[in-house]
Amino acid sequence: MNPNKQEITALITPVTAEVQDEARALASEGRETKALSRLRKASGPGLLEARAALAVLESGRTLPVDYPQALENLRSLAPDLTAEMTALLAAGDQTAAIKLLRDRTDIDLAGGYHRTQELAARQA
């Protein structure tokens, strides 16, 4: 699997299990627009990222439910990116690590900050 930016973003964005189940059920009823709306409201991604998240759910996979799971997904999906971010954090440049994550994914600023904080906490 070679995920695109939107799929990586979806797979590193926490969404509660309840919302995932609801979105999956809505999509199976043919209510894709409502499923996308529910995902966007719950986790804040843009439309493209919500579509990618719904595709993940419809394929039988799950999204992370918390930041530690999101970080594990980032490590497995983009090990080079994770290594670069780790090096920047080790050098004390959190801002550059956030910027790098945002450049390589479609994560928003707050999401980039939280993922970078989780990575920094795991390195300490």
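**The cavity and its surroundings**

Reply: Happy to! The largest cavity is lined by Ala 10, Thr 13, Val 15, Leu 39, Ser 43, Pro 45, Glu 49, Ala 53 and Leu 63. Two elements, H3 and H4, each give two or more residues to that lining. Please keep in mind that this is a predicted model.

How much space does the largest cavity hold? It comes to about 40 Å³. Searching the whole structure for cavities of 30 Å³ or more turns up one. Sorted by class, the residues lining the largest cavity are six nonpolar, two polar and one charged.

Now let's look at the packing. The largest nonpolar core has 17 residues, and those with the most contacts inside it are Ala 23, Ala 35, Leu 39, Leu 54 and Leu 63. Helix H1 (5–11), helix H2 (17–28), helix H3 (32–43) and H4 are the elements that give two or more residues to this core. H4 gives the most, with six residues. As a general background, nonpolar side chains tend to be buried together in soluble globular proteins.

Setting aside neighbours within four places in sequence, Leu 54 is in contact with Ala 23, Ala 27, Glu 32, Ala 35, Leu 36 and Leu 39.

The largest pocket holds about 190 Å³. Its lining has 16 residues, of which Thr 13, Ser 43, Asp 108, Gly 111 and Arg 115 lie nearest the centre of the pocket. Helix H8 (residues 109–123) gives the most to the pocket lining, with four residues. By class, the pocket lining has five nonpolar, seven polar and four charged residues.

Asp 66 sits in the loop between helix H4 (47–58) and helix H5 (67–77). Is Asp 66 buried, partly exposed or exposed? Asp 66 counts as partly exposed because its relative accessibility is 32%. The side chain of Asp 66 reaches the backbone nitrogen of Gln 69 at 2.9 Å.

How values were computed. Residues numbered from 1 in each chain as written. Predicted model: local features only at pLDDT ≥ 70, side-chain atom pairs only at ≥ 80, totals over all residues. Heavy atoms only, no water. 1 Å grid on protein atoms, 1.4 Å probe; cavity = no way out; pocket = protein on both sides within 12 Å on 5 of 7 lines; lining within 4 Å. Points joined across faces, edges and corners; volume = space filled by probe spheres on them. Nonpolar A, V, L, I, M, F, W, Y, C, P; charged D, E, K, R; others polar. Buried < 20%, exposed > 50% of the residue type's maximum accessible area, 1.4 Å probe, protein only. Polar contact = N/O pair within 3.5 Å; in protein donor to acceptor, adjacent residues only side chain to side chain. Core = buried A, V, L, I, M, F, W, Y, C linked by side-chain atoms within 4.5 Å. Contact = heavy atoms within 4.5 Å.
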